[in-house]
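Subject: Structure for your review

Dear colleague,

Please find below the structure that I am handing over to you. My findings follow directly after it.

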Amino acid sequence: MNFKNISIKNFRNFENITIDLTNKNVLFGMNDIGKTNFLYALRFIFDKDVRRQNFNDTDYYKKEVDMPIEIIIAIDISDTEDTNSQKLRAKLKGAILSNQDIVYIKAQAFYNEKEMVGIPILYWGGDIEELEEMKVHGTFFEIDYIFNTIYIDAYVDLYTLFKKKREYFTCE
C-alpha cells in the first residue's frame, strides 16, 4: 500500500490543491502557510476523533460555505503480497474491481446553515467517478476498522507513549 496523492478543495487555506505523496513525507516551511491545515485534511480522512468534530464555517476556504469541502486521497494497492493492500481490498469488496489498483478515499462536507456545521460523508472505490458511500456504524466509518490513527501532540512524553502503545509502533 503506497500513498499516491491528496487533493484538497475549499478547506481552510487550500482553495484547490493536489500534492503527490509517498509513504514518508516531510513538511517544512514558514509559520502560517498551511502545514497544520494539510495534516488536518489527512486527519479528517483517517482520524475518527477529528472527523467527529465535523467542519465549522472557518474550515471552509474564506468561509465559502456554499461550496463543499472535498478531500481525496489516492492509495496504490497494486502490491498483492502486501497485507495492508490485501486488507484494504477485502474491506472495499464491490467498491473496487479486481483490475483496479488505486483506491480513492474521499471526504466531502456540505455546510448546513441551520445546524451551522458541515458533516463529513466518506466515499471510496477504484473509480474516482463512481465512488461508493462508506457504511457508517454509529460514529465509525468502515475505514476506521482498517486504519488506526494516533496523533502525537508535540508536548507528549514520547518515551511513555511508545512504552504504553508499543504494539502500534512495530514494523512488519
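Asn-10 is buried, at a relative accessible area of 5%; buried means under 20% relative accessible area, exposed over 50%, and partly exposed in between, with a 1.4 Å probe and protein chains only. This residue belongs to strand S1, which covers residues 2–11. Leaving aside residues up to four places away in sequence, Asn-10 touches Glu-15, Asp-59, Tyr-60, Tyr-61, Glu-64, Met-67, Pro-68 and Ile-69, where a contact means heavy atoms within 4.5 Å. Between the C-alpha atoms of Asn-10 and Val-103, which lie 93 residues apart along the chain, the separation is 22 Å.

Please note that this is a predicted model, in which local features need pLDDT of at least 70 and side-chain atom pairs count only at pLDDT 80 or more, while totals for chains, interfaces and linings use all residues. Residues are numbered from 1 along each chain as its sequence is written, and side-chain values use heavy atoms, with hydrogens and water left out.

Strand S1 takes part in an open sheet of six strands, ordered S2-S1-S3-S4-S7-S8 with antiparallel pairing; two strands count as paired if DSSP finds at least two bridges between them. Strand S2 (14–20) and strand S8 (132–133) are at the edges with a single partner strand each, so one side of each has no neighbour in the sheet. Within the sheet, strand S4 (residues 102–109) and strand S7 (residues 121–125) run antiparallel and are joined by five bridges. Tyr-104 has Gly-125 in S7 as its bridge partner.

Overall, the protein chain contains four helices and ten strands, which are DSSP runs numbered from the N terminus (helices: H or I, at least four residues; strands: E, at least two). The radius of gyration is 17 Å, close to the 16 Å that the globule rule gives for 172 residues, so the chain is as compact as a globular protein of that length. That radius is taken over C-alpha atoms, and the rule is 2.2 Å times the number of residues to the power 0.38. Along its principal axes, the C-alpha trace spans about 45 × 45 × 35 Å.

Of the 172 residues in the protein chain, 38% are buried. Among contacts with a separation of 6 or more, 57% are accounted for by residues 24 or more positions apart.

Yours sincerely
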